[in-house]
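Reader: I would like to go through this model in short questions. Please show it first.

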Amino acid sequence: MTLTLPTPAAPLKIGTRGSPLALAQAHETRDRLAKAFDLPPEAFEIVVIHTTGDNQRLIDADQPLKTIGGKGLFTREIEQAMLDGGIDIAVHSMKDMPVLQPEGLVLDCYLPREDVRDAFVSLKVDTLADLPEGAEVGSSSLRRRAQLLHRFPHLKVVEFRGNVQTRMKKLGDGVADATFLAMAGLNRLGMADVARSTMEPDDMLPAVAQGTIGIERRMSDTNTATLLEALHDSVTGQRLTAERAFLAALDGSCETPIAGLAELDGGTLRLRGEVLRPDGSEVIAEDRTCPIEDGAKLGQDMARDMLAQAGPDFFSWR
């Protein structure tokens, strides 16, 4: 097949949300494509799409994601624009992505993974352990909230939404004493100094696929598929294959606190996973290894065994 490259007259349209972090990720994707094919930036058009999850009223109200539509809040309008032909590819934070894509779309290109850790952010103290009893920690993440309540039951959690800039303003306004942000996002924004400290995976296992940019396309668009092959990072792909298989087998929605992290060492893949009750009262964790090529099966098997350990009462809060 002859590869057709985008041009300023017929640019490749890159769909993204409009937050500073989303735009930074879209620009990184554009720059990597331009470099890979020696093209000018004008051969690409970044198309900003407002999603339901970006509704300022919902952000200001700190309304929980699970009550207003879950992870799809950040992808639905973008994916529809791609199905309608308004954009050619979509750039996503993979930790926000549902495990299933709409019919006709595929997500099989990942950029090299950034820092997977959570950053502890506060205007008052340097570490999570420094917070006094009763201090309020803001987060919209069910995972982070449950992990916090499990390990630090003397602290309180409050709903806390918005992009990095919005959350920093909320801290300044006293809405909470501290919060967590993905270290990867801070790095991509050039704001690593915002982190007062970092949470190692042993202390706070990250979200599945945290730190990864994924690029979605139409399944039928073979020309774009060939373009994206030049960007795909196979190591990141191997890690996410295991993590997303684990997530899919446990619960692919945003209604269950789930953490997961795959790491490679030579030909071996290590997968750690957690599923928690939202109040932090119980956690089920596993840590297993396998050959890299068996990552998806390991993720599925591990999830199945954890569900068996949990039993039906574990999910009584749903």
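Author: A nonpolar core is a set of buried Ala, Val, Leu, Ile, Met, Phe, Trp, Tyr and Cys residues joined through side-chain atoms within 4.5 Å. The model discussed here is predicted.

Reader: Which residues of the largest nonpolar core touch the most other members?
Author: This core has 27 residues. Elements giving two or more residues to the core include helix H8 (234–250), strand S12 (268–276) and helix H9 (295–310). Those that touch the most other members are Met94, Phe246, Leu269, Leu271 and Val275.

Reader: Which residues does Val275 contact, leaving aside neighbours within four places in sequence?
Author: Val275 belongs to the largest nonpolar core. Its partners beyond four places include Leu250, Thr256, Pro257 and Ile258. Others among them are Glu282, Val283, Ile284, Met306, Phe314 and Phe315.

Reader: How many residues are in the second, separate core?
Author: Ile14, Val91, Ile213 and Leu231 are included in this core. Its residue count is 18.

Reader: Which residues of helix H7 are buried?
Author: Helix H7 spans residues 222–229. What covers its buried residues includes strand S1 (12–16), helix H1 (20–37), strand S3 (89–93), S4 and strand S10 (213–218). The buried residues are Asn223, Thr224, Ala225, Leu227 and Leu228.

Reader: Is Arg145 buried or exposed?
Author: Arg145 sits in helix H4 (residues 142–151). A polar atom of its side chain lies 3.3 Å from the backbone oxygen of Val158. Arg145 also touches Ser139, Ser140, Val157 and Glu159. Its relative accessibility is 18%, and the limit for buried is under 20%, so Arg145 counts as buried.

Reader: Where in the chain are the two residues of the Lys124 and Asp177 salt bridge?
Author: Their side chains meet at 2.5 Å, N to O. The pair links distant parts of the chain, 53 residues apart. Lys124 is in the loop between strand S5 (118–122) and strand S6 (136–138), and Asp177 is in the loop between helix H5 (164–172) and strand S8 (178–182).

Reader: Which of these counts as exposed, Lys124 or Asp177?
Author: Asp177 has a relative accessible area of 17%, so Asp177 is buried. Lys124 has 58% relative accessibility, and exposed means over 50%. The exposed residue is therefore Lys124.

Reader: What is the distance between the closest N and O atoms of Arg272 and Glu263?
Author: Arg272 is buried, with a relative accessible area of 8%. Glu263 counts as partly exposed at 27%. The two form a salt bridge, and their closest N and O atoms are apart by 2.8 Å.

Reader: Which residues are linked in a network of salt bridges?
Author: The count of salt bridges in the model comes to 25. One of these pairs is Asp31 with Arg30, at 3.0 Å. The network links Glu286, Arg288, Lys297, Asp301, Arg304 and Asp305.

Reader: Which are the edge strands of the open five-stranded sheet?
Author: The strand order is S7-S6-S8-S5-S9, with mixed pairing. Each edge strand pairs on one side only. The edges are strand S7 (156–158) and strand S9 (197–199).

Reader: In which sense do S5 and S9 pair, parallel or antiparallel?
Author: The two strands pair over three bridges. Ala119 stands opposite Thr198 in S9. The sense of the pairing is antiparallel.

Reader: At about what angle does H5 run to S8?
Author: H5 lies across S5 and S8. H5 runs to S8 at about 170 degrees.

Definitions and conventions: Residues are numbered from 1 along each chain as its sequence is written. This is a predicted model: local features need pLDDT of at least 70, side-chain atom pairs count only at pLDDT 80 or more; totals for chains, interfaces and linings use all residues. Side-chain values use heavy atoms; hydrogens and water are left out. Helices (H or I, at least four residues) and strands (E, at least two) are DSSP runs, numbered from the N terminus. Buried means under 20% relative accessible area, exposed over 50%, partly exposed in between (1.4 Å probe, protein chains only). A polar contact is a pair of N or O atoms within 3.5 Å; within protein, one must be able to donate a hydrogen and the other to accept it, and residues adjacent in sequence count only if both atoms are side-chain atoms. Contact means heavy atoms within 4.5 Å. A salt bridge is a side-chain nitrogen of Lys or Arg within 4 Å of a carboxyl oxygen of Asp or Glu. Two strands pair if DSSP finds at least two bridges between them. Axes are lines fitted to C-alpha atoms, for helices over the stretch in contact, and angles run from 0 to 180 degrees between N-to-C directions.
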